[in-house]
Amino acid sequence: MDQDLAAAASLTRVSKRLRGKPVLAGLDLSIRAGEVTALLGPNGAGKSTTAGLLVGRLQPDAGEVRLYGLSPDRPAARSRLGVMLQAAGLPDVMTVGEMVTLQSGYYRDPRPVGETLALAGLSDLTQRRCGTLSGGQARRVQYALAICGRPDLLVLDEPTAAMDRASARALWATVRDAAADGAAVLMTTHDLAEADALADRVVVMDAGRIVADDTPAAIRARAGGAVIRCRTPLTAAHAAAFPGVRNATADGAELRLLTTDAAAAVRRLLDADPLLTDLRVHEAALEDAISSLLTRDERIAA
């Protein structure tokens, strides 16, 4: 079947300007059922704008946005959508249980309220007023509001921001379950370990365009090799000239090298600075691959 025909949601040649500046320019993206898609990239890449267009909070300046073949502002499309955005607030005086009950009432076939609360890890907070919740607890309420209607498309914008690791991992499990049940899931996140663990597909954006679209394993493979980290006064420009080094960056006092020949790079480092400290070598991860992609893209643009 054609991918576009099978898509739960799609943006076709979409352009968008915000505050007079271009954010998206001719973006093409489809989100498929039964799949968790992680939308990644630096601040300002266009991730939240893309999510806002899909859920109907923003309108495109050009191009077309469709949810199940309909405009996002159509009730028939919105009824199939669950949304968790970064900027959403909660009324201070309502309890967690009241909020979930109210939101559930907007859907034709919602989950039982108790089930929604359990999935979001809120069973022990039902009677708490929203104004007394911590940041992580409030995010779990916002997640409950997104899933209470059994959505066919779940859009999660930085879903685990402010959550502790245990709460985040519990949320991951429910997101994977939703995809296994056939829902399409789009998530944005700055936590690349989260994307690596959770996503079937990674879409990397930079400056409003897609620079990579593949599985996490395939994106990781693009990094090819190992990452070396150490503390040294050597500059990234100096180390970038070592054989096999594909990318060199300085992170404070730490030097980071992405290399296809770790042994040779380590020898060159020690020759250049025998007094370097805190030397570590590990296999390239998703974060390293994306860093390499974005750095390469900057070089091409320059």
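Biologist: How many helices and strands does the secondary structure of the protein chain come to?

Modeller: Helices (H or I, at least four residues) and strands (E, at least two) are DSSP runs, numbered from the N terminus. In this chain the secondary structure comes to 12 helices and 13 strands. The model is a predicted one, in which local features need pLDDT of at least 70 and side-chain atom pairs count only at pLDDT 80 or more, while totals for chains, interfaces and linings use all residues. Residues are numbered from 1 along each chain as its sequence is written, and side-chain values use heavy atoms, with hydrogens and water left out.

Biologist: What share of the residues in the protein chain is buried?

Modeller: Buried means under 20% relative accessible area, exposed over 50%, and partly exposed in between (1.4 Å probe, protein chains only). Of the 302 residues in the chain, 49% are buried. Thr188, in strand S7 (residues 184-188), is buried because its relative accessible area is 2%. Val281, found in strand S13 (residues 277-283), counts as partly exposed because its relative accessibility is 45%.

Biologist: What is the volume of the largest pocket, and which residues are closest to its centre?

Modeller: On a 1 Å grid over the protein atoms alone, a pocket is an open set of points with protein on both sides within 12 Å along at least five of seven lines, where a 1.4 Å probe fits; lining residues have an atom within 4 Å of a point. Grid points are joined across faces, edges and corners, and a volume is the space filled by probe spheres set on the points. Here the largest pocket has a volume of about 450 Å³. It is lined by 19 residues, and Arg78, Val83, Gln103, Tyr107 and Leu145 are the closest to its centre. At least two lining residues come from each of strand S5 (81-84), helix H4 (96-104) and helix H6 (135-147).

Biologist: How do the residues of its lining divide into nonpolar, polar and charged?

Modeller: Ala, Val, Leu, Ile, Met, Phe, Trp, Tyr, Cys and Pro count as nonpolar, Asp, Glu, Lys and Arg as charged, and the others, Gly among them, as polar. The lining of the largest pocket holds 13 nonpolar, 4 polar and 2 charged residues.

Biologist: Which element gives the most to the lining of the second largest pocket?

Modeller: Helix H12 (286-301) gives the most, with 6 residues. The second largest pocket has a volume of about 350 Å³, and its lining divides into 6 nonpolar, 7 polar and 5 charged residues.
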